[in-house]
Amino acid sequence: MSTLLTIDNVHSFYGKIAALKGISLEVRQGEIVALLGSNGAGKSTTLKTISGLVRPGKGNILLNGKSIVGMPPHQIVEEGIIHVPEGRRIFAGLTVRENLELGGFTQKKKKNVIAAGIEQAFSFFPRLKERSTQLGGTLSGGEQQMLAICRGLMARPKLLMLDEPSMGLAPIIVQEIMHIIREINKQGTTILLIEQNAKAALRLAHRGYVLETGRIVMGNTAEVLRGDESIVKAYLGA
Ligand code: ATP
C-alpha cells in the first residue's frame, strides 16, 4: 500500500503552548486510521494542522510526497484533503441538497459530478434523500452528522478527516454512521478518524495511533491495539 499522508516530526503551538510535540505518523492509500487519546491530547490539533488551520512551528506534512505545509486551507482542500470538524457545522439556513451542492461547488466540480455526488450521498444515507428539501438546521444531530460527512465527500477527497463523528449521538445512530464510514472507505476513500469511542474506532480502523499530551505513544494495527492491555485499560473500559 502506498503512503498517502506523512506527518514528520510536527510541532504545533497555540501562542507559546505546544499542543503537538513532534508527532510522526502515516496514512496509507485505502486505509482507515484512528487517532485515539484522552481530552486535550492533541487529536483535533493534528487534524487542524493537516488542514492548514494551524500552521506547524516545525516539521513537515506530505501528501503523496508533496509538502503541504504553509499552504492556505483552501489550497489544501484543492490538494484533496477534506476536514469534517467536530460539531458538524453544516449551513443551517440551507436545505440538505443545497448543503451538498455547496460541498461540490466550492471544489469547482462540474454539474454532472455534483449530481453523481448527491446520488452517492443519498445512497449512503437514504434518510438525507427523504429530507433533501428540509433546512439543515432542522435536522437531528445524527442527520446533521450524515450531511456533514456527505458534504465533505462531495469534493471527492483523497483523504477524508472526521473529527468525532459519533459525538453526542445515540448508540444506534453511531452504529449507522460507523457502518457508512466503512462503506465509504470500501468505495475507495482513505479516512483519518478521531473517535472518543475507542472501541468503535478500533473495530472500524485498520491501524491506530494513541496520542498523549501532544506525543504519539503508540501506533499499531487495530488488532494489536485492541489486544493491548494498557489500551484496554485506558480507552476500552475494561
Ligand atoms: P478533545 O478530545 O478534548 O477535543 P483533543 O485531543 O482533540 O481533545 P486538542 O483540541 O487538539 O485536543 O487540544 C490539545 C491542547 O491544545 C489542549 O491542551 C488544548 O487546551 C489546547 N488548545 C486547543 N485549541 C486551542 C486554542 N485555540 N488556543 C489555545 N489552546 C488550545
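Mentor: Please keep in mind that this is a predicted model. By class, three nonpolar, seven polar and three charged residues make up the shell around the ligand.

Trainee: Which residues are the closest to the ligand?
Mentor: The closest are Gly40, Gly42, Lys43, Ser44 and Thr45, and the ligand is surrounded by 13 residues.

Trainee: And which helix gives the most to that shell?
Mentor: That is helix H1, residues 43–50, which contributes three residues.

Trainee: What lies 2.7 Å from an oxygen atom of the ligand?
Mentor: A polar backbone atom of Gly40 does. For Gly42, a backbone N or O atom is 2.8 Å from an oxygen atom of the ligand. With Asn39 the side chain takes part: one of its polar atoms lies 3.1 Å from a ligand oxygen atom.

Trainee: How much of the ligand's accessible area does the protein cover?
Mentor: On its own the ligand has 640 Å² of accessible area, and the protein covers 60% of that.

Trainee: Changing topic, how many cavities of 30 Å³ or more are there?
Mentor: The count comes to one. The largest cavity has a volume of about 50 Å³.

Trainee: Which residues line the largest cavity?
Mentor: Its lining consists of Thr49, Gly52, Val54, Arg55, Pro56, Ile68, Val69, Gly70 and Met71.

Trainee: How does that lining divide by class?
Mentor: Five of the lining residues are nonpolar, three are polar and one is charged.

Technical notes. Residues are numbered from 1 along each chain as its sequence is written. This is a predicted model: local features need pLDDT of at least 70, side-chain atom pairs count only at pLDDT 80 or more; totals for chains, interfaces and linings use all residues. Side-chain values use heavy atoms; hydrogens and water are left out. On a 1 Å grid over the protein atoms alone, a cavity is a set of points where a 1.4 Å probe fits but cannot get out, and a pocket is an open set with protein on both sides within 12 Å along at least five of seven lines; lining residues have an atom within 4 Å of a point. Grid points are joined across faces, edges and corners, and a volume is the space filled by probe spheres set on the points. Ala, Val, Leu, Ile, Met, Phe, Trp, Tyr, Cys and Pro count as nonpolar, Asp, Glu, Lys and Arg as charged, and the others, Gly among them, as polar. A residue is near a molecule or strand if one of its heavy atoms lies within 4 Å of it. A polar contact is a pair of N or O atoms within 3.5 Å; within protein, one must be able to donate a hydrogen and the other to accept it, and residues adjacent in sequence count only if both atoms are side-chain atoms. Accessible areas come from the Shrake-Rupley method with a 1.4 Å probe; for residues, only the protein chains shown count as cover. Helices (H or I, at least four residues) and strands (E, at least two) are DSSP runs, numbered from the N terminus.
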